[in-house]
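Please have a look at the model first, and then we can walk through the pairs together.

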Amino acid sequence: MPLRSNLKTWIFSFILVVLNLNIYCQEFSKNSIRFRTGIGVSMGSRADGVGITYSAGFQRELRNPGFRINPNLSFGQYSSRFVMDARDEYFNSTNLETIFYFDLFKGKKGALVIGAGGLVNNTRGLLGTGGEYEGQQSSEYISEFHLAAYVGCGLRFSSPDKRLAFEFMPFNFHLGTNDFLESHLMIGLEIKL
């Protein structure tokens, strides 16, 4: 419990410091930090579930201001609670990914964004009993690696003179080896450095 409290205090303090920098400098670098969260599904050859995912990463604008690279780490927690006729499944999905974003149509404070990239995934967790395999009376632990591609599309709201940018990305897909598929609706916060 004290660790969770200290982590919340540290994150809150970090955000306050970053937001206060806006008072002292108006020039922003081409770098930013991105945080995203969302809901969705994760499916593979052995595990299917619905859950929540979190992502944190670094972003850098490349030569063209509408072109960005975003290496990030995402972590999702899934279960088969809302999947009909499935075993009791509880698993985590960890992705190490690099995504390139491009502003397809850009306005004064917003843009239609498309993204593409690649990732390495590790899915690990516990598959229990039940579902359409009623005869299955034993649980098993899984740990699978997948190589996958990312494609996505959504809206980004950013103003050149503001430190914060927001995004709404309803279409995020990971398509990979061994029947691996993830689909998420994501919202995000970008803090320009």
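A residue counts as buried when its relative accessible area is under 20%, as exposed when that area is over 50%, and as partly exposed in between. With that in hand, Arg-87 is buried, because its relative accessible area is 11%. Please keep in mind that this is a predicted model. Searching the whole structure turns up seven salt bridges.

**Pairs that involve Glu-140**
- Arg-46 and Glu-140 form a salt bridge through their side chains, at 2.3 Å from N to O.
- Arg-46 belongs to the loop between strand E1 (31–43) and strand E2 (48–61) and Glu-140 to strand E6 (residues 140–158), so this pair ties together parts that are 94 residues apart in sequence.
- Arg-46 is partly exposed at 38% relative accessible area, and Glu-140 is partly exposed at 27%.
- Glu-140 also meets the side chain of Arg-87 in a salt bridge, at 3.1 Å from N to O.
- That pair links distant parts of the chain, 53 residues apart, with Arg-87 in the loop between strand E3 (67–79) and strand E4 (89–106) and Glu-140 in strand E6.

**A pair between strands E8 and E6**
- The side chains of Glu-190 and Arg-156 form a salt bridge at 2.9 Å, N to O.
- Glu-190 lies in strand E8 (residues 181–192) and Arg-156 in strand E6, which puts the partners 34 residues apart.
- Glu-190 is buried, with 5% relative accessible area, and Arg-156 is buried at 9%.

**A network**
- Salt bridges also link Arg-34, Arg-36 and Glu-167 in a network.

Terms used
Residues numbered from 1 in each chain as written. Predicted model: local features only at pLDDT ≥ 70, side-chain atom pairs only at ≥ 80, totals over all residues. Heavy atoms only, no water. Salt bridge = Lys/Arg side-chain N within 4 Å of Asp/Glu carboxyl O. Helix = DSSP H or I, 4+ residues; strand = E, 2+ residues; numbered from the N terminus. Buried < 20%, exposed > 50% of the residue type's maximum accessible area, 1.4 Å probe, protein only.
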